[in-house]
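The following paragraphs lead through parts of a structure, from a helix to a set of strands and then to a pair of helices. Please keep the model in view while reading.

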Amino acid sequence: MILIAESGSTKTDWVVSDGIVTSHLKTAGINPQIGLVEGVTRELSSWINGVAEANAIDEIYYYGAGIMHGEKAEQLKSLFISMFPNAKVELQSDIVAAAKATCGDSPGIVAILGTGSNSCFWNGQESTMHTPALGYVLGDEGGGAYIGRRLLSDYFKGVMPKPAAEAFAATYGITEEEVVRRVYTEPYPNRYMASYVRFIADNRTLPGMQELTEECFAEFIKRNLHSYPVGKYPVNFVGSISVAFRTWLENACRKYSVTVGKVIASPIEELAKYHIMKKYGI
């Protein structure tokens, strides 16, 4: 049996399959560079025990944000081996999951716009070009945390259009001190900032919302897609932000002569199909 996981900073999608029966689980996100989310391991073990014997899992494919060759990745791999002693474990970046889900074994350009952002050129087997994402402090342009950070900054610095600022104040009633504390002293500031993107989704017609979002997408395009052959291949987008604001994303892409390919919220369904076909020929 195979266990497949696709994890971002906010959520993790799990699939276990024997080629005939496929079961799904959703848990909180795991990012080894930030820390393992408390309770995920326990929840995963409980789910697996209800589906199959842990010893029956012989292949694990984990795709996640923050996966690098190093101590954190080795700790995560060791955790899987301790839980599933008969399994071969393969760890890859979440951008590889997005590439396999949208391109399969064909070449293409892939971008993630979720809580964070990422991109690569996929040659059909591996990523051969990759602009560093750099995380929510130094990068992640166009992702939820980046858009939320810009929204919060515009509000507190007084540059948000008045109708939007009034609606924002009425919706949240937050103070500068509260936001600074949440961002700088509490865990998962990326998730916290990304949570404010819901305001834009719920208030699309307010002045400035479309402009702000398209500017954030433009920053992603300019700073992350410049090294890829965008004139030859469309860009496939994966992630909740790309789906929620697809029209505005397409507007930004047209401005920079970028053709939009597939746009999907989550790679897990197509990723599971990819691995099930590889292992079982189904």
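Which residues of α10 are buried? The model is predicted, and in it the buried residues of helix α10 are Met209, Leu212, Thr213, Glu214, Cys216, Phe217, Ala218, Phe220, Ile221 and Asn224. An α-helix has 3.6 residues a turn, so residues three or four places apart point the same way. Helix α10 covers residues 209-224. At 1.5 Å a residue, its 16 residues should span 22 Å, and the C-alpha atoms at its ends lie 23 Å apart, which agrees.

Next comes strand β9, residues 235-238. In a regular strand the side chains alternate between the two faces of the sheet. Val235 and Phe237 are on one side of β9, Asn236 and Val238 are on the other, and all are buried, which leaves both faces covered.

Strand β9 has pairing partners. With strand β6, residues 108-113, it pairs in the parallel sense over four bridges; here alanine 111 stands opposite phenylalanine 237 of β9. With strand β10, residues 260-264, β9 also runs parallel, joined by three bridges. In this pairing valine 235 stands opposite valine 260 of β10.

The last stop is a pair of helices. Helix α5 (residues 144-156) packs against helix α6 (residues 162-172) at an angle of about 105°, and their axes are 10 Å apart. Angles of 65 to 115 degrees count as roughly perpendicular, and α5 and α6 are therefore roughly perpendicular to each other. Leu151, Leu152 and Tyr155 of α5 make the contact with Ala165, Phe168 and Ala169 of α6. Of the residues in this contact, six are nonpolar, none polar and none charged.

Key: Residues are numbered from 1 along each chain as its sequence is written. This is a predicted model: local features need pLDDT of at least 70, side-chain atom pairs count only at pLDDT 80 or more; totals for chains, interfaces and linings use all residues. Side-chain values use heavy atoms; hydrogens and water are left out. Buried means under 20% relative accessible area, exposed over 50%, partly exposed in between (1.4 Å probe, protein chains only). Helices (H or I, at least four residues) and strands (E, at least two) are DSSP runs, numbered from the N terminus. Two strands pair if DSSP finds at least two bridges between them. The expected span of a helix is 1.5 Å times one less than its number of residues. Axes are lines fitted to C-alpha atoms, for helices over the stretch in contact, and angles run from 0 to 180 degrees between N-to-C directions. Angles under 35 degrees count as roughly parallel, over 145 as roughly antiparallel, 65 to 115 as roughly perpendicular and the rest as oblique. Contact means heavy atoms within 4.5 Å. Ala, Val, Leu, Ile, Met, Phe, Trp, Tyr, Cys and Pro count as nonpolar, Asp, Glu, Lys and Arg as charged, and the others, Gly among them, as polar.
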